[in-house]
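Student: Please take a close look at the aromatic pairs in this structure. Which rings pair, and how are they arranged?

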Amino acid sequence: MMASTSNTLQNPFVGLRPYNSEESIYFFGRGEQTKRLLGLLHAHHFVAVVGSSGSGKSSLVRAGLIPQLEAGFLVQDRDRWQIAIMKPGEAPLQNLVRCLADSVGRQLSADDAAAWLDQIQEFGAQALLELLAPLQASKDTNVLLLVDQFEELFRFALERDDHRYLEQAQAFVGLLLRLSEQRQLPVFVCLTMRSDFLGDCDAFYGLPEAINRSQFLVPR
């Protein structure tokens, strides 16, 4: 009697959540879109991935763009990538600081994070570059900062009757733009955002112009 052999099949569909980088083997059919994203990122160090809800924005970046970057398909002097992923949430500046700190292996206490926020208020994006100082010593590493579900920022800033939230959001956007514009350290910024929030971008200085230069509208 022959012994039966059982094979375990894995379902390649992840449901409603986005595909992640480690699931890129199951993510296919968007090769041309990924190439377009690589081109925009190379040209501008900034790209806004825009689309309707459920169009696959996050999956395209996480399982399409990021694996291609890590495989070396964006031609740069540096061929390694440090990936920092965040959502604005209810504390966009704090989340940005912790995200970048985590990307370089820095564990920040609450007091440390508050101190960095003070530095950012005084020195702007330069303070974030200091936070990323361990990468400046490495001559072969780029940074991709992915701000997923960027539309959370509009809820944070525009749905409250308190100018302090808007000021925090404006500071956050300014930091993202400065990081993508500077060339002291190769930082690339990618946003994913629902298309129905595009009109809200005009509340932030410089954001509409950046999106007009480097926007990718995800086809269904």
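**Aromatic pairs**

The count comes to 5 aromatic pairs. Rings of Phe, Tyr and Trp (its six-membered ring) pair if their centres lie within 6.5 Å; planes under 30 degrees apart are stacked, over 60 edge-to-face, and the rest tilted. Phenylalanine 150 and phenylalanine 154 are edge-to-face, because their ring centres are 5.7 Å apart and their planes stand at 90 degrees. Both phenylalanine 150 and phenylalanine 154 are buried (under 20% relative accessible area, with exposed over 50% and partly exposed in between; 1.4 Å probe, protein chains only).

Phenylalanine 154 also pairs with phenylalanine 197, and this pair is stacked: 5.9 Å centre to centre, 10 degrees between the planes. The pair links distant parts of the chain, 43 residues apart. Phenylalanine 154 sits in helix 7 (residues 152-158), and phenylalanine 197 in the loop between strand 4 (187-194) and helix 9 (207-213). Helices (H or I, at least four residues) and strands (E, at least two) are DSSP runs, numbered from the N terminus. Phenylalanine 197 is buried, as is phenylalanine 154. Phe150, Phe154, Phe197 and Phe204 form one aromatic cluster.

Now the confidence. This is a predicted model: local features need pLDDT of at least 70, side-chain atom pairs count only at pLDDT 80 or more, and totals for chains, interfaces and linings use all residues. Residues are numbered from 1 along each chain as its sequence is written, and side-chain values use heavy atoms, leaving out hydrogens and water. The mean pLDDT of the chain (the predictor's confidence in each residue, from 0 to 100) is 86, and 85% of its residues reach 70 or more.
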